[in-house]
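Please look at the sequence and the model shown below before reading on.

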Amino acid sequence: MHSLLSSKWTKAALFTLALVPLAILLWRGFHQNLTANPIEFITHATGDWTIRFLVLTLAITPLRQILKLPELIRFRRMLGLFAFFYACLHFTTWIWFDKFFDLSEMWKDIEKRRFITVGMLAFFLMIPLALTSTAGWIRRLGGRRWQMLHRAIYVSAVAGVIHYYWLVKSDVRKPLMYGAVVTLLLAWRVGQWILRRRPPAHVRATSPDPSA
Ligand code: HEM
């Protein structure tokens, strides 16, 4: 398993796999098979893949620790960039095919539909993360500051779930499912943070009892 995850071919295979949703959309587009409402179909498909890649990106750290597979970290950046890539397609569909670059129409939509506002927040938070995802930026910012900045992905994922929850009309099962997964992934991080702050057992055992 370790050698499979370290192979450059696995990374290349994952990269190809991550492009499959786009390839399917293009294929359906060329064959005029994007349903009766192509804009809605593309918006939904790209929105779905944005949230899926966001969740996958957040799952890497817990999985590599729980499964003891440190090599999984090699895929985190790529998955995060694919989340951003599909978010760009999602956002472009709205700006271009839905609003035809009409700023007043966009503004009206932002004012009228609160799920658009929170979706914007989720998207705009991803931009600095994508721009600073390179090793050069980690060096320039320093590990700690880079890590602090990249915690914005937590807010982006939560905003993405709220966006989804607010936009569905009746069946909220899917957004709630994503909400539960994101909550679990964030709770795991809080748990790890608490554990890291606790002094080791032998220090706790030898420290004087404050109530004594
Ligand atoms: C990280 C950012 C975002 C995520 C994770 C996300 C995710 C989603 C998801 C999962 C859906 C529903 C797909 C389905 O029903 O199958 C959706 C729909 C939609 N999103 Fe986003 N989205 C994001 C950002 C945005 C932005 C920035 C805009 C526009 C400014 C936007 C506009 C829309 C619209 C118009 C719909 C369709 C609403 C409807 O069917 O009535 N989204 N998005």
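Is His-90 buried or exposed? At 19% relative accessibility, His-90 counts as buried, because buried means under 20% relative accessible area, with a 1.4 Å probe and protein chains only. His-163, at 16% relative accessibility, is likewise counted as buried.

This is a predicted model, in which local features need pLDDT of at least 70 and side-chain atom pairs count only at pLDDT 80 or more, while totals for chains, interfaces and linings use all residues. Residues are numbered from 1 along each chain as its sequence is written, and side-chain values use heavy atoms, with hydrogens and water left out.

Through their NE2 atoms, His-90 and His-163 coordinate the iron atom of the ligand at 2.0 Å; donors are N, O and S atoms within 2.8 Å of the metal (3.2 Å for Na, K and Ca). The two residues stand 73 residues apart, His-90 in helix H5 (residues 76–98) and His-163 in helix H10 (residues 152–167), where helices are DSSP runs (H or I) of at least four residues, numbered from the N terminus.

| Side chain | Ligand atom | Distance |
|---|---|---|
| His-44 | oxygen | 2.7 Å |
| His-90 | nitrogen | 2.8 Å |
| His-163 | nitrogen | 2.8 Å |

Two or more residues of the shell around the ligand come from each of helix H4 (38–66), H5, helix H7 (114–131) and H10, and H7 gives the most, with seven residues.

Methods
Buried means under 20% relative accessible area, exposed over 50%, partly exposed in between (1.4 Å probe, protein chains only). A polar contact is a pair of N or O atoms within 3.5 Å; within protein, one must be able to donate a hydrogen and the other to accept it, and residues adjacent in sequence count only if both atoms are side-chain atoms.
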